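Subject: Structure for you to look at

Hello,

Please find the structure below. My notes on what was found in it come after.

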Amino acid sequence: MHQQVLRIINETKNLSLVRKSLSKFIEESPFPRDSRNRIILAVDEAIANVVEHAYGSEKGLIQITLTLDDEKLTVGVCDHGSDFKPNVKEDPDINVHIRLGLKGGLGMFLMRRVMDEVSYSATPQYQNQLSMIKFLPQSESENS
Amino acid sequence: MPDLKLSSRAMANGCFYLEAQGFLDAHTYEDMDRLIQNIFARNCYRLIIKLERVDYISSAGAGVFVGAIGESQQNGGNLVFLSPSSNVREVFDLLGLSQIFLFADTLEQAVRSF
């Protein structure tokens with residue numbers, strides 16, 4: 001098992017740093033390149049959501065835990081911010097977004113499209129904890 | 001180099017040409033949004049947007065175009081994406097935008113799309 005913990009302040013300028021660290025973390029994994037790019041997108045979306053919603057205008061810490069084992073990549077995103085439960089089930093209607101000129105609300109949809117499992121929970125240590133799992137290619141075929 | 005580099009110019013045929021380079025994410029999308037709104041404020045709604053050198057786009061970046069295309073079309077214009085990078089195309093695909101947005105491989109083709 002391989003694990004890395006990243007801690008960032010909730011500023012959007014830190015998103016590219018996380019993308020770079022994650023890219024390096026999964027570089028040698030069995031995920032093909034296009035899959036790695038999609039995983040980076042999903043994690044970026046998760047952290048961008050926390051940056052935008054968790055702490056309001058206050059500064060706050062976001063902890064990202066990356067764990068790679070023989071079966072899967074697990075990404076945990078934790079914060080101490082306000083209770084934030086995004087809609088993890090309903091898909092947005094892109095035509096409604098266009099008609100109403102809506103710019104946001106697409107990140108969770110991308111996270112769910114890319115990752116195999118996405119869940120939210122509250123823990124004693126952290127206020128919000130998002131967990132995302134992507135199974136390695138061979139595990140995926142065994143599961144299907 | 002900044003995370004996102006933007007350039008734009010009015011074209012002789014009433015179109016506006018925008019070119020982006022770098023990352024179009026939650027950190028930079030407001031720059032693109034501001035640029036598009038400034039162009040709309042000049043009553044120009046036919047935008048050709050070159051994304052060939054955009055290495056990364058997130059939903060925040062794509063959302064700028066989702067939010068802008070309706071206003072553009074309501075005013076007789078549209079957004080045409082010129083040579084988007086494979087990373088951009090993939091995110092547009094994931095969001096279902098590839099069936100909605102117009103794409104072109106050359107500037108001439110883009111101009112003819114309106």
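Along the sequence, the elements of chain B come in the order β-β-α-β-α-β-α-β-α. That makes 4 helices and 5 strands. Helices (H or I, at least four residues) and strands (E, at least two) are DSSP runs, numbered from the N terminus. The radius of gyration of chain B is 13 Å, close to the 13 Å that the globule rule gives for 114 residues, so chain B is as compact as a globular protein of that length. Here the radius of gyration is taken over C-alpha atoms, and the globule rule is 2.2 Å times the number of residues to the power 0.38.

Before going on, note that this is a predicted model, in which local features need pLDDT of at least 70, side-chain atom pairs count only at pLDDT 80 or more, and totals for chains, interfaces and linings use all residues. Residues are numbered from 1 along each chain as its sequence is written, while chains are lettered from A and ligands numbered from 1 in the order in which they are written.

Chain B, continued

The C-alpha trace of chain B spans about 30 × 25 × 25 Å along its principal axes. Of its 114 residues, 42% are buried. A residue is buried if 20 or more other C-beta atoms lie within 10 Å of its own, exposed if 12 or fewer, and partly exposed in between, with C-beta atoms placed from the backbone. Taking contacts in chain B between residues at least 6 apart in sequence, 69% join residues at least 24 apart. Two residues are in contact if their C-beta atoms, placed from the backbone, lie within 7 Å.

Strands of a sheet pair through backbone hydrogen bonds, either parallel or antiparallel. In chain B, 5 strands form an open sheet with mixed pairing, in the order β1-β2-β3-β4-β5. Two strands pair if DSSP finds at least two bridges between them. At the edges stand β1 (4-10) and β5 (102-104) of chain B, each with a single partner strand, so one side of each has no neighbour in the sheet. On average, neighbouring strands of this sheet are turned by 25° against each other, direction ignored. Axes are lines fitted to C-alpha atoms, for helices over the stretch in contact, and angles run from 0 to 180 degrees between N-to-C directions.

Strand β4 (residues 78-82) of chain B pairs with β5(B) in the parallel sense over 3 bridges. Leu82(B) has Ala104(B) in β5(B) as its bridge partner. Helix α2 (residues 59-74) of chain B lies across β2 (16-24), β3 (46-57) and β4 of chain B, and runs at about 140° to β4(B).

Chain A

Chain A has 5 helices and 5 strands, in the pattern β-α-α-β-β-α-α-β-β-α. Its radius of gyration is 15 Å, which agrees with the value near 15 Å for a compact globule of 144 residues. The C-alpha atoms fill a box of roughly 40 × 35 × 25 Å along the principal axes. In chain A, 32% of the 144 residues are buried.

The 5 strands of an open sheet in chain A have the order β1-β2-β3-β5-β4, with antiparallel pairing. Its edge strands are β1 (2-9) and β4 (117-121) of chain A, and each pairs on one side only. β1(A) is joined to strand β2 (residues 61-68) of chain A by 8 bridges, and the two run antiparallel. Within this pair, Gln4(A) has Leu66(A) in β2(A) as its bridge partner.

What lies on these strands? α1(A) lies across β1 and β2 of chain A, at about 175° to β1(A). α2(A) packs on the sheet and touches β2, β3 (72-79) and β5 (128-135) of chain A, and its direction makes about 10° with that of β3(A).

Two packed helices are described by the angle between their axes and the distance between the axes. The axes of helix α2 (residues 33-53) and helix α4 (residues 107-114) of chain A come within 9 Å and cross at roughly 145°. Residues in this contact include Leu41(A) and Ala42(A) of α2(A), and Leu110(A) and Met111(A) of α4(A).

Between the chains

The contact takes 22 residues from chain A and 24 residues from chain B. On the chain A side, α2(A) gives the largest share, 6 residues.

Regards
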